[in-house]
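This briefing covers two interfaces, one within a chain and one between chains. Please view the structure alongside the text.

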Amino acid sequence: MEQRKSPVRGSAAGQLSFPNSDSRSAPHNPQRPARFHLSGPPYLLSSFSGFSPAPVQPASLLPCFFSSLEGISPKTISNIGGLHQMLSLHQHIFAAVPRDSIIALPEHDSTNKYGASFQTPGGRLLIKPAEYVELVSSMKPDFWVTLADEVPAWVSDKRNRTSVDRTLRWLDDCLSLNKTGTTIFGSIVGGSSIEERHRCAQEVAQRNVSGYWIGGFGLGESMDERAALLTAVTDNLPEDMPRHVSGLGLPEEVLQGVAAGIDLFDSTYVYHLTLGGFALTFPLERNKGDNADYQLSDSGGDDMKINLKATIYRKDTSPIVESCNCFTCQNHTKAYLNHLFNVHEMLAQTLLEIHNTHQYLGFFCSIRKAIEEGKFEQFRRNFVESRRECLFAAASSD
Amino acid sequence: MALKFEVLGRFNRARAAQLTLPHYLCQTPLFMPVGTQGTIKGLTKNQLEEIGCQIILGNTYHLALRPTSELIDELGGLHKFMNWPRALLTDSGGFQMVSLLHLADITEKGVTFQSPVDGKPMLLTPEESIQIQNRIGADIIMALDDVVRTTITGPRIEEAMYRTLRWIDRCIAAHKRPNEQNLFGIVQGGLDPVLRDICVRGLVERNLPGYAIGGLAGGEDKDSFWRVVAQCTAALPEDKPRYVMGVGYPLDIVVCSALGADMYDCVYPTRTARFGTALVPEGVLKLKHQAMANDIRPIDPMCECMVCKNYTRAYIHCLVTKDAMGSQLLSYHNLYYMMKLSRDLHSSIVEGRFPEFVCKFLQTMFPKGDVPEWVCNAMEVAGIDISSCCREMRFDVDKSSTL
């Protein structure tokens, strides 16, 4: 079972390149350059069943978590030929990250000097750097993130310092165990301490890595404290190396991350929305002055999402979003989706996930466009303000 | 009458035909997947088209509960609601009588169910069933019949058969859209050839667009099963489609086609997929089995479907042991298998190589030659020589005239 995530490129520079590794058995395409050049954002596409009926974009990031691959041994993955082969997604970029915000949450109490502990549906798992590197090498991702000791915001200073020391040590372990010369992102932690964040970032910046993964967020810190912590990290990192953060999912959080210089995001936002029957309705072309739909708030919606389970959609023969090009909006109506959710049919999740992923990716597209036009701050302000307006209007209409 | 049925090829009793329905031009023999609540579990309409599905079944009982036939009608019918461009068939809701019998009360008026959703009583009369199906708008609709399990004996079976005939007249009278929807009658009568004969004659007198053979696929022994099918196909008109309800296993479909049936429906391929079982020419493959965990072959190396072209048994094993969503891949493959079987039956009859196809099918499924006796007997009656597939020939067939 893969995790659904949606990373994206938000920073100003244009390209993220990955070597086209020979170990992949995708058919050789003479047209394709030796390196993947992604001038768009990489993004993530994944579905519960491991395949999606919608046409798939050429470049996607898929975090693959060792714990999600219980039931299939590293050796078998290797025999199949790695992740690209196993999932039959040859055009995609894969990232291997140990943490999965749904099925492999870092269990900081059980993590010890030997390895990182995760709470999974199959129980608690302790993974050591050597085991991790072995698993990653069987998966053959395009890049992978070193093992980290992530702690939530409320741990003691001592525990926090230990997490930084451990993460650095494991980073060095992973680097030395890395025989195949694959692309590695160094992990940076530091909890809610500005000093520790500085320290860790500075240390990792000195290592020979190809990018940075920033962990320890989305584990209990508030959005207000996070801004300073993010910049404490990114201020110490070279400009021209990609930065990837896990655990920031809400659109406002993504905007916050982009402002701090983050390039790649993965989150469970789309997953949770879909589970709840919520469909994203981002007004991707922002029209200030549109009347807020008060009816939406009664059903739990707002100007960004609607609750497809609500009875107001029983007879609604329009697509979720009129102008949306996704498979779901091109083929189905809110009424049909409402019915599918009410009778608990699997197809509801599949169709909604396609739409929500498409919308969320569109959001990242808008961010990129705003950056390229030099209007990011304005974009961010407008977005946050119109959200506040809608919530205020909904509250005052009660 | 809103269909055309043109036989394109034969081999003894077996026939391959073109069935033209309001929404789609179909080729028989064909299998119809069951999309009870307006969807085939987890598969999109594009995938269903890719697989080659021609007709999909919707269940009147479930759809009437949610989202209600009135809503479907208001939104333009089930085709539009689901966005399914091909053909649809709705059953009458009658099968639930058998499956929920301890909650049902059957009288001359109709059937009272207790709704499994909210416990409210629901009365399904022949008129109501047809009205609901008129609102849903499927290409083929089924008469409400009085279904009894074939494992029951006694006067109940005779009562049910006669009632089915009285109800067909009520269904015909209530049917408001005969130029757009085809009402099929259902032959009942249990395992009693005399009752079945009466029922067939009665239905044929009404000159319906098509006929179904009902009351089977409910646990009766295979020997009785094929004999009833053989009797009915022999007695039903040549120029109208024959639908064996609730069938089923690939082997059963091959036998029934040899005996002259054209259409089938069953939840088996999709239900078994949700339990991690794949259909393969040799029989079944259980993906949850530990042995699959390291098997990097596709489900069926000869299968051309999207699943077999892209995924390994090991990967599917890892998915199906987790949750039902992982079984979407198996549903896809299993339905592909059934539709391919349908296509192969049609083309082998049209191209004059039906016996060869049957033999190859049986040899693959029974490599040791242990073809079940009932299959041998049925093929004898169908006039198909399968001696090359069987280790020993059987000669104890009851060739009574009703067959």
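In the predicted model, 32 residues of domain 1 of chain B are in contact with 23 residues of domain 2 of chain B, contact meaning heavy atoms within 4.5 Å. Domain 1 spans 4–267 and domain 2 spans 274–366 of chain B, with bounds from an automatic or database domain assignment. Chain B also touches chain A, through 40 residues from chain B and 37 residues from chain A.

**Between the domains of chain B**

- The C-alpha centres of domain 1 and domain 2 of chain B are 26 Å apart.
- Together the two domains of chain B bury about 2,300 Å², of which 80% is on carbon and sulfur atoms; buried area is the accessible area (1.4 Å probe) that two parts lose on being put together, summed over both.
- On the domain 1 side, Ile51(B), Pro250(B) and Val254(B) lose the most area to domain 2 of chain B, together 26% of what that side buries.
- There are zero salt bridges between domain 1 and domain 2 of chain B, a salt bridge being a side-chain nitrogen of Lys or Arg within 4 Å of a carboxyl oxygen of Asp or Glu.
- Five residue pairs, both residues at pLDDT 80 or more, are in polar contact across this domain interface of chain B. A polar contact is a pair of N or O atoms within 3.5 Å; within protein, one must be able to donate a hydrogen and the other to accept it, and residues adjacent in sequence count only if both atoms are side-chain atoms.
- Elements giving two or more residues to the domain 1 side include strand 1 (4–11), helix 1 (45–51) and helix 10 (250–258) of chain B. Helices (H or I, at least four residues) and strands (E, at least two) are DSSP runs, numbered from the N terminus.
- Helix 10 of chain B supplies the largest share of the domain 1 side, six residues.

**Between chain B and chain A**

- Chain B and chain A bury about 3,500 Å² between them, with 61% of it on carbon and sulfur atoms.
- Two salt bridges are counted between chain B and chain A.
- Lys41(B) forms a salt bridge with Glu345(A), with the closest N and O atoms 2.7 Å apart.
- Eight residue pairs, both at pLDDT 80 or more, are in polar contact between chain B and chain A.

**Basis**

- Residues are numbered from 1 along each chain as its sequence is written, and chains are lettered from A and ligands numbered from 1 in the order in which they are written.
- Local features need pLDDT of at least 70, side-chain atom pairs count only at pLDDT 80 or more, and totals for chains, interfaces and linings use all residues, while side-chain values use heavy atoms, with hydrogens and water left out.
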